[in-house]
Amino acid sequence: MRATYLKTGIAAGFALLVSTHASVALDADEFAKKFVAAYTSGGMTVAYEGVSEQGNDIIMQGLTFGVEGEQTSFDFGDLTFSGVSEDGSGGYLVDTVSKDRILFSAPEVSFTLDDMSITNLRVPAEAKMETLDDALYYDSLTTGPMKLTAEGQDVFSIASISMDLSKASDNSRMDFTGRADGLEIDLSSVEDAQTRQTLSGMGYQFVGGDVVLEGYWLPTTGEMTLSQYALSLDGVGRLDMQVSISGYTFEFVRGIQELQEKMDDQGNDSQAQQAMGLAMLGMLQQLTFNSLSIRFDDASVTNKVLEMVASRQGMTRDQMVQGLQAMVPFALAQLQNPDFQKNVTEAVSLYLSDPKNIEISAMPAEPLSFASVVGTAMSAWQTLPQMLNVSVTANQ
């Protein structure tokens, strides 16, 4: 009797297990459709040859990625989404997305990217592009080595890349940080012989460095601030940019995408394309300029350039510097802005005398519409420095 009960219990448990698994089984086709919908909502294109489900993993086969309006596409091969689960609202959560190697090759050119991994990917139920929950989103992305080869020679490589995103629980803010380490550029393959000789003379056959970026986005107001974008090159210097704009909302993004789709539908109709171009300029008027800062910290490149140019002109470095310092105020005189002319002349003179750092900043008293900036640039460009409140500082 006990054996009968035991067999019955095992059979019931097995039936329950099977029925439970069937009820939560992933719909691979539905996942693929929602992934494509979310990805293409950002103005990109994606196609795939097939999709399969293996437990909690989904594999999309024969993926190709591209950009709307462009004929060429990027063959990505198969992509594995591991640890896929439904999020309870019609979307999906993915533990990791991984790819051992991405390879692209064309005549005399090849590109490889190894060990790509994305963690905590969110695929929305519907890509409405109204909040951050409606967009494709992930917590982090990392890669191993990336390499670009031309005519059998490595011309550009990066040892690793990382990107991290975080958003507020109420979707009011998204912060992002990223970096690319182990940057290497081979300048010995520059085609122009004179440029190649110049770079070699300054010791720049090969240049290494890294890139760092950091910023945030406020979807409601559309404020997009890049608080740091720094490119550091060994023996050259560090170029750091900070920029802030407003008006880059989801509504603005949707409007741009709709115009792009209309432009693509017009084909080669020049009049229609011109009309769409004007409409695109109208959309850009929704953006406002908040601030901009560009700073360069020298690591010997300035003196190398000054000495090289002076040598070619049959001059000493000091003579070259004195000549440049004398030219600056005359070049700025046409702006008819004495205060700005004095500011720039003093900063440039100080930097050339002792190259340490130089920074250009534009900090208007209040945000300016892109339309007003463009209009001023076209009609009265001399007033732009005053309008944007541009200033130059050196060695600070």
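**Notes on the model**

1. The protein has ten helices and 18 strands, both taken as DSSP runs numbered from the N terminus (helices: H or I, at least four residues; strands: E, at least two). This is a predicted model, where local features need pLDDT of at least 70, side-chain atom pairs count only at pLDDT 80 or more, and totals for chains, interfaces and linings use all residues. Residues are numbered from 1 along each chain as its sequence is written, and side-chain values use heavy atoms, with hydrogens and water left out.

2. On the overall numbers, 37% of the 396 residues count as buried (under 20% relative accessible area, with a 1.4 Å probe and protein chains only). Among contacts (heavy atoms within 4.5 Å) with a separation of 6 or more, 55% come from residues 24 or more positions apart.

3. Have a look at helix 6 (residues 301–312) against helix 7 (residues 317–332): their axes are 8 Å apart and the packing angle is about 100 degrees. That makes the pair roughly perpendicular (65 to 115 degrees). Helix 6 brings N303, L306, E307, V309 and A310 to the contact, and helix 7 brings R317, M320, V321 and L324. By class, these contact residues are six nonpolar, one polar and two charged.

4. N389 sits in the loop between helix 10 (384–388) and strand 18 (390–394), and its phi is positive, near 55 degrees. N389 is partly exposed, because its relative accessibility is 42% (the class between 20% and 50%). N395, in the segment after strand 18, also has a positive phi near 55 degrees. Most residues other than glycine have a negative phi.

Notes
Axes are lines fitted to C-alpha atoms, for helices over the stretch in contact, and angles run from 0 to 180 degrees between N-to-C directions. Angles under 35 degrees count as roughly parallel, over 145 as roughly antiparallel, 65 to 115 as roughly perpendicular and the rest as oblique. Ala, Val, Leu, Ile, Met, Phe, Trp, Tyr, Cys and Pro count as nonpolar, Asp, Glu, Lys and Arg as charged, and the others, Gly among them, as polar.
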